[in-house]
Structures are given as structure tokens and as C-alpha cells.
Amino acid sequence: MDVINALLIPILDLKLLGLIGLGTFAGIYVGAIPGLSVTMAVSILISFTFSWAVYPAIALMIGIYMGGVYGGSRTAILLNIPGAPSAIATAMDGFPMAKKGLAGEAIGIVTVVSFLGGFIGILALAIFAPLLADFAISFQPRDYMMLAVLGILLVGSLSEGSLVKGIFAGALGIAIGAVGMDPLTYTERFTFGTSGLRSGVSFVAVMIGMFGISEGLMQLHTVNTAAVKQKISSIIPSWSQVRKHIPLGMQTSSIGTVIGALPGTGGDIAALIAYDHATRVTKNPEVPFGQGAIEGLVAPETANNAAVGGAFIPMLTLGIPGDAVTAIMIGALFIHGLNPGPMLMVDQPNMFWFIVSALALANCFMLIFGLTGIRVFVKIVELPRAVLLPAILLLSIVGAYAVNNSVNDVYWMLGFGVFGYFMKLYGYPLGPVILGVILSRLLDDNWRRAIISDQESLWMLLKGTLASPLSLVLFVSVILIFVSKTPLWGMIFRKRTA
Amino acid sequence: MLMKSVIGALVALGLGVVPALAEYPAKEIKGIIQWGAGGSTDTVARAITPHAQAVLGGTIVMQNVTGGVGAIGLNQVANDAADGYSILFGAENPLLYKVMGLGDKDYSDFVPVNIIARGVPILVANVDAPFNTFPEMVAYINANPKAVKFGSTGPGGLPSVVTAMINSKTPLDVTFVPYDGDGPALTALQGKAIDVMPAVLGAAIEGIRGGTMKPLAMFDIEPSPQLPDVPTIVSTNPEFAEMLPWGPFFGVFVKNGTPDDVVAKLTAAYAEAATHPDFVALIDGRGFKMLSLAGAEAEEFLTGWQSTTSWLIHEAGMTKASPEDFGIVKP
């Protein structure tokens with residue numbers, strides 16, 4: 001009974017309902033602007049809402065969070081500039097769809113599957129929270145390392161054409177991610193003695209440059225051709241179309257929930273691993289991956305929205321943040337006099353169910369706000385290039401500047417944009433570079449933690465891996481996926497069928 | 001889209017333009033937290049700042065700039081203009097940078113706005129650890145060299161100082177696993193990735209209450225009012241008394257050269273914020289001891305802390321240079 005009462009709090013209070021709606025709406029636009037992140041918006045809200053009661057403050061933050069994760073897909077599809085790192089995988093197939101005149105369809109399907117993913121994440125939070133939290137914190141450094149390796153293997157799917165060029169691009173990304181002061185030993189790496197490089201290269205600046213600027217420069221080659229007319233007849237996907245993708249969506253939502261619940265990873269890695277999963281399980285996509293496959297949208301967008309519910313799992317059950325946004329919300333709860341920790345569920349069960357309910361409402365608002373206004377949005381792509389390209393440049397500059405209010409980041413963004421343009425010209429895929437930058441620290445830090453934990457003995461590390469069921473599953477997955485991408489797999493497979 | 005770009009550009013313009021003679025704060029203030037989200041520095045900084053904002057009448061946008069034992073965040077503020085629009089929320093670590101060879105800047109390059117509170121160190125273990133008290137832990141480690149994993153947050157952090165204290169009395173052969181902040185390390189402790197973590201009581205208190213981690217010893221001379229049942233280290237090992245009480249602290253700093261009236265405004269704002277009942281309740285509830293020092297008192301506290309701790313870790317052989325080289329007097 002108490003549970004139902006707590007679930008009803010945000011539904012029956014018009015003010016809370018309004019705040020969730022407002023937050024979701026604002027979140028979609030914050031998420032869509034590259035460089036403005038949900039983390040940033042929620043941190044600002046802490047200062048803004050500290051005098052409020054706790055429910056309205058949390059309601060607004062949850063709306064922004066849910067809307068923002070979804071909003072990142074907008075610019076990824078329309079302009080090839082992911083609004084947030086978790087929308088990087090969405091750009092891989094979303095932007096090719098826009099180029100074919102299918103931007104409306106892409107946004108429509110993304111909205112619906114985001115709702116599905118969000119819903120599954122919330123359901124997992126409501127039903128399995130304590131169980132999943134224990135599972136999530138049991139990940140050891142070696143497990144995080146193998147998760148990063150699983151992510152790195154995605155290079156295979158992202159390298160259109162030459163795998164060698166893809167591996168080169170991925171390695172370059174890992175090197176870029178390693179620039180700066182090493183957080184474990186306080187040693188400077190690749191800084192060439194300059195203090196400007198000590199805090200590393202802003203990852204968002206690399207992302208905006210590589211995706212946005214390089215694409216803008218590519219389009220200069222065809223500046224005089226007319227823009228593709230966008231079809232706006234089939235924006236809201238039909239039930240049969242949605243139903244076809246539900247099995248994949250369920251799998252990738254589960255991946256998203258678990259990766260979101262892990263304290264060391266968030267929606268960006270969830271989306272990338274889900275994308276890789278989709279390329280493996282989808283046997284015959286109607287359109288190849290990388291050229292506008294619907295599956296390439298379904299996987300990352302279900303996963304990153306499912307990661308929202310996932311991130312709340314360790315936060316509400318143990319007081320351990322699942323990602324940067326929930327870390328800030330823990331701070332908000334402290335400020336409002338609550339003590340998030342293992343006792344929160346016992347002392348304040350209402351807060352748990354209130355958050356579940358608010359997330360569910362935000363998810364519904366996201367569906368409604370997401371599906372309205374698509375027609376206007378897709379017109380952006382139809383703008384003449386002479387208008388669109390300067391606008392992309394401006395948006396990229398503002399976005400890169402907004403991350404740290406640093407002009408240096410703008411230079412990095414432009415530099416990587418030009419570099420990315422030349423990489424494209426010479427057939428080097430850009431996806432693996434971004435992948436490398438994202439996974440660099442996860443891989444490096446946890447590899448070192450793992451080997452240090454095992455007294456710097458590879459043998460002990462291997463023994464530990466084989467002794468833990470979780471590590472063993474991850475280890476076998478890494479091996480299988482790796483082998484499946486080498487000629488060896490084909491040889492074994494052919495022998496069996498022969 | 002065009003609309004959005006225009007709005008974005010206007011926002012960017014607004015951030016860049018500084019009215020030269022306007023009353024401080026005339027624009028958004030950047031607050032750099034030198035440790036990660038969810039850790040104790042982060043919690044204290046984010047809890048006090050809204051109250052200070054209310055007094056100040058401006059906005060402080062908080063940002064975690066982590067890494068390099070907090071030096072990345074510290075250097076960022078040190079490289080910004082000394083105009084009070086970039087403030088540092090720091091812990092004790094920078095006072096050890098010079099002797100640890102971690103950097104050439106410390107709080108002598110900054111003006112303390114407020115030394116907010118002091119933490120009490122506590123040694124916690126994961127619930128499966130085969131020992132329940134400090135003497136049992138020492139016995140276990142001596143019987144199983146290198147098998148016990150201690151979490152660390154890099155040289156100069158609380159874990160390294162508490163470890164130096166322990167090593168100065170009972171040398172331990174353990175494996176140190178580095179994490180970037182006490183939040184991630186305590187998460188790893190609960191996930192059994194590490195066995196023991198010297199932490200600040202505030203970061204561990206909810207976990208201890210909830211039974212997800214096990215307290216071994218409080219590193220203080222008297223028991224904590226929040227957890228009266230946890231034995232102090234002095235009750236089992238009185239030889240530690242000469243180094244205690246000791247504790248990490250949290251403070252708000254601005255770069256040297258910041259105009260006096262700006263420092264005065266920030267000092268007044270944070271001093272008043274520290275008396276807010278909500279903040280006092282948070283500090284007590286999380287096991288910190290309120291200090292709220294400013295001006296000469298704060299300088300004296302910083303000098304004393306630097307002298308005690310630098311010599312402690314120097315004598316433990318953890319330093320790269322002698323405190324004498326930097327004019328740090330022996331206590």
C-alpha cells in the first residue's frame with residue numbers, strides 16, 4: 001500500500017507532474033546541443049533547487065536526465081554531431097538515413113525504442129534493484145578491463161573497408177585518450193612538457209570535431225547539389241515495424257541496464273557494446289550496418305536509455321553512483337537531508353518508489369515530446385548547404401567551448417575536424433578513433449589495477465579469471481568474439497558444414 | 001536549429017563578456033572540485049555552496065576536475081585569472097605536493113576562503129575480510145605477506161598518510177591498488193576488489209551503518225559520537241597517540257592576488273554558509289568536525305598541518321625531497 005502511495009506522489013501532484021514534463025522537454029534540447037551535457041545541467045540544478053523541497057528538485061533532475069539521454073540522438077541523426085557521447089553509435093546509422101531522406105523515420109524509431117529501453121531499465125530498477133546492485137559492484141578491475149576489450153573489438157564492425165586502417169584509427173584513439181596526467185601514478189604522458197596538455201584532450205571536443213566538422217568539410221565537395229528531400233510520411237513507426245525490433249531491443253536494453261548499473265561505466269559504453277551486439281546477432285539487416293540500418297539505431301538507443309534506470313540501481317540501493325549524473329544526484333539527496341546509502345531503502349522507501357515513478361513519467365513525456373515536432377526538425381537537413389554548413393560550424397564551436405569554457409577546446413575541435421576530414425579522404429574510419437578515446441582509460445586503469453591486485457603476476461591474473469564465473473563468461477566472450485572476426489572462425493565453420 | 005545556434009552563440013557571448021566595473025559576482029563563478037563526484041570533498045563542497053550562493057547572490061557552477069592527486073584541478077584554478085571567478089574546492093593533498101615531488105604549487109599560492117571541516121580517518125575492511133580489529137589485521141598480514149589489498153588514492157592522499165602512520169609503528173607488507181578517489185575505492189571495497197581502505201569517516205559512515213563494510217579502527221584519540229562502538233586505534237595500540245588527532249580537511253580557496261574585497265565577500269559568504277543548520281546537520285551526520293576557519297587562523301592551521309604531515313611522511317621515507325628544502329619547519 002505504501003508502495004502504491006509513493007508511486008502516486010508524482011502522478012497526483014500537478015506541480016511535480018509539470019516539473020517532470022518541463023525537465024524532460026528541457027532535457028531533450030540540452031541533450032541535443034553538443035557540449036551541453038546532462039551532467040552539467042543537473043549540477044547547475046543542484047545550486048538552483050537547493051531551497052526547494054526534495055521531491056520537486058529530484059523530479060526536475062530526473063526529467064532532464066531522461067530527456068537529455070534521448071535528446072543526444074537528434075543532432076547525431078540530423079547533422080552527424082552526437083549531442084552526447086552516448087549518441088555516438090546512433091550517428092553511425094542515423095546520419096546515413098538522413099542522407100537518404102529518412103531522417104524523420106530515423107527519429108521516429110529512435111523515439112519509440114528509447115521509450116522501450118527506458119521502460120526496461122525502470123522495470124529492472126523496480127524489480128531487481130538489490131540483486132542487480134550486488135551483481136554490479138562485484139565487477140573486479142579485471143572484469144572492467146575485459147568489458148573494455150569487448151568494446152575495443154567493436155573496431156571490427158566500425159571499420160568499413162580496411163580492418164588495418166580501423167585498427168590504426170582505434171590505436172590512435174587510445175593514444176589520444178592517454179594524453180595527460182596519469183590518474184594512478186601522477187606521471188605526465190604525451191604532454192611534451194606543456195601544462196596545457198596535463199588535463200588531457202577534451203573528449204567531447206574530439207568527438208564534435210571528428211563527426212561534425214569533418215562531415216561539414218566533406219559536404220563542401222558537393223556544396224552545389226541540392227539537399228535530399230526528406231520523406232515525412234512515415235514518421236511514427238508502424239506497430240509491425242516496431243514489433244520486428246522488439247527481440248533485439250530487449251537484448252540491448254538488458255545490456256544497457258547492466259552496463260548502466262556498473263559504477264565504472266555509463267550510457268556511452270552501453271550504447272557502443274549494444275551496437276556491437278546488434279551487428280553480431282542481426283544476420284541479414286535490410287540495409288548494411290553503417291549505411292542506415294534500423295538495427296543500428298535500435299541497439300544504442302535502447303541501451304543508453306535503459307542505462308538511466310540501471311544507473312539508479314546502485315545509487316538507490318547502496319549509495320554508489322552508477323554514472324556521473326547519479327553521482328550528482330547523491331549529492332543532491334545529501335543536501336536535502338537524506339543519507340543515500342544501504343539504509344536509504346530501509347529508512348526512506350518512499351524516495352525509492354518516488355524515483356521509479358518519476359522516471360516512468362519522464363519516459364512517457366519523452367515519447368510524447370519526442371514524437372511531436374519531428375516534421376520541423378527534419379527540415380533542417382533540407383536547408384541549402386550554404387546555410388547549413390556555417391550553422392554546423394557555429395554549433396560545433398559553441399559546443400566545444402561550452403564543455404569547459406575553454407578556447408583551447410575549440411582549437412582541438414577544429415584541429416581534429418580537419419584531421420578527421422583527411423582521414424575520411426584516405427579511407428580511414430573515424431568511429432574507431434572515438435571508440436579508442438572513450439575506452440582508453442577504462443582499459444588502461446583497470447588493466448593496471450588488475451595486474452597490481454594480482455601482485456603483477458599474469459599467472460595469478462589468469463587463475464583469478466578462471467576461478468570467477470563472471471570473469472570466465474567475459475573472458476570466453478572476448479575470445480569467441482575475437483575468433484569470430486578472424487579467418488579462423490570461417491575455417492572451423494566451413495569444416496562443420498562440410 | 002538556426003534558432004538554437006543563435007541562442008547558443010548569445011549564451012557563449014554572455015559568458016565571455018566581463019563588465020569591468022560591475023559588482024562581484026557579475027557573472028557565473030566556476031567552482032573546481034579537485035576530487036571525483038560522490039567522494040567526501042565533493043559532497044561537502046556541493047552541500048555548502050548553495051548556502052554560500054544565497055549570501056553571495058551569484059551562481060557557482062561546480063565541476064569535478066580529477067586526477068593527479070587533485071593537482072589537475074588545482075593547476076586549473078592556478079592558471080585562471082585571480083579575479084574570484086574560479087575557485088578551488090580542495091582537500092589536504094596539495095600541502096604535500098612539494099615534498100612528494102608532485103608539483104610546485106600548494107596552498108601558499110592560494111588564499112584560504114574557508115577551511116570548512118576536518119575528517120576523522122577510519123580503517124574499513126570488506127565484510128568478508130578474515131579479521132575484525134586492527135591487531136587481528138596486523139597479525140593476518142604478517143602471516144600472509146602481500147595477500148591483503150589496500151586501496152590507495154595516490155601518494156599524498158589520506159590513505160597514504162594513514163598508511164605512513166601505520167608503517168611507522170608496525171610495518172606491513174601489503175599490496176596497494178590505486179583508485180582515483182575514495183568514492184571509487186570504497187565501491188571497490190564493497191565489491192571485494194580490495195580488502196582494506198583507510199578512508200574518511202564521512203565517506204564510509206553510511207556503508208558501515210548499512211553493514212556493507214566493516215570498521216576496524218577509528219584513527220582518533222576519542223571515539224566518534226556517530227559511531228561510539230568503533231574502537232579507536234589508541235585503545236588497542238596506544239603508540240599511535242603521538243600522531244593524533246590528525247585528519248584530512250576540506251577548504252575553499254582562491255588564487256593569490258585576488259582582490260581583497262572579493263576575498264572578503266567570499267569569506268563572509270562561506271562563513272555564514274557554514275553556520276546554516278542544514279549544513280551543520282550534514283557535517284555532524286557524516287562524521288566530520290566543523291572548523292570554519294578563515295584569515296590568519298586558516299593560514300596557521302594550514303602551516304601546522306603541513307609541518308606535521310610532511311615530516312611524518314618524510315620520516316616514513318615516502319617523500320622525494322625533505323620538507324626542509326621548502327622551508328617547512330619540523331614540529
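Biologist: Hi! Which domains does the assignment give for chain A?
Modeller: Hi! This is a predicted model, and in it chain A is assigned domain 1, residues 2–453, and domain 2, residues 460–498.

Biologist: How far apart are the C-alpha centres of those two?
Modeller: The centres of domain 1 and domain 2 of chain A are 29 Å apart. The two domains do touch, with 12 residues from domain 1 of chain A and 12 residues from domain 2 of chain A in the contact.

Biologist: Which helix gives the most on the domain 1 side?
Modeller: That's H7(A), with 6 residues. Helix H7 covers 141–152, and H20 of chain A also gives two or more residues to that side. Sorted by class, the domain 1 side has 7 nonpolar, 3 polar and 2 charged residues.

Biologist: Let's move to helix packing. At what angle do H21 and H22 of chain A pack?
Modeller: Helix H21 (residues 458–467) and helix H22 (residues 469–484) of chain A pack at about 105°, and their axes are 5 Å apart. An angle from 65 to 115 degrees counts as roughly perpendicular, so H21(A) is roughly perpendicular to H22(A).

Biologist: And which residues meet there?
Modeller: From H21(A) you have Gly464(A), Thr465(A) and Leu466(A), and they meet Ser471(A), Leu472(A) and Phe475(A) of H22(A). That contact holds 3 nonpolar, 3 polar and no charged residues.

Biologist: What about H6 and H11 of chain A, how do they pack?
Modeller: Helix H6 (residues 103–137) and helix H11 (residues 239–261) of chain A have axes 8 Å apart and an angle of about 40°. Because of that angle, H6(A) is oblique to H11(A). Their crossing is right-handed.

Biologist: Which residues make that contact?
Modeller: On the H6(A) side they include Val112(A), Leu116(A), Gly117(A), Ile120(A) and Ala124(A). On the H11(A) side, Gly249(A), Met250(A), Ser253(A) and Gly256(A) are among them. By class, the contact of H6(A) with H11(A) has 11 nonpolar, 8 polar and no charged residues.

Biologist: Now chain B. How is chain B divided into domains?
Modeller: Domain 1 of chain B is made of two stretches, 27–118 and 248–326, while domain 2 of chain B is 121–243. Their C-alpha centres are separated by 25 Å.

Biologist: How many residues are in contact between them?
Modeller: 23 residues of domain 1 of chain B are in contact with 24 residues of domain 2 of chain B. On the domain 1 side, helix H4 (97–100) and helix H12 (295–315) of chain B each supply at least two residues. H12(B) gives the most, with 4 residues. That side divides into 12 nonpolar, 9 polar and 2 charged residues.

Biologist: How many residues of chain A are in contact with chain B?
Modeller: 46 residues of chain A are in contact with 53 residues of chain B. The largest share of the chain A side comes from H14(A), with 7 residues. That side has 30 nonpolar, 14 polar and 2 charged residues.

Biologist: Last topic, confidence. Where in chain B is it lowest, and where highest?
Modeller: Confidence is lowest in helix H1 (residues 2–16) of chain B, with a mean of 48, and highest in strand S3 (residues 86–90) of chain B, at 95. Chain B as a whole averages a pLDDT of 86. Residues 10–21 of chain B stay under 50. Where pLDDT is low, the predicted coordinates should not be read in detail.

Biologist: And what does the model score for ipTM and pTM?
Modeller: The ipTM is 0.82 and the pTM is 0.81.

How values were computed:
Residues numbered from 1 in each chain as written. Chains lettered and ligands numbered in written order. Predicted model: local features only at pLDDT ≥ 70, side-chain atom pairs only at ≥ 80, totals over all residues. pLDDT = per-residue confidence, 0-100. Contact = placed C-beta atoms within 7 Å. Axes fitted to C-alpha atoms, helices over the stretch in contact; angles between N-to-C directions. Parallel < 35°, antiparallel > 145°, perpendicular 65-115°, else oblique. Left-handed = near helix turned anticlockwise from the far one by under 90°. Nonpolar A, V, L, I, M, F, W, Y, C, P; charged D, E, K, R; others polar. Domains from an automatic or database assignment.
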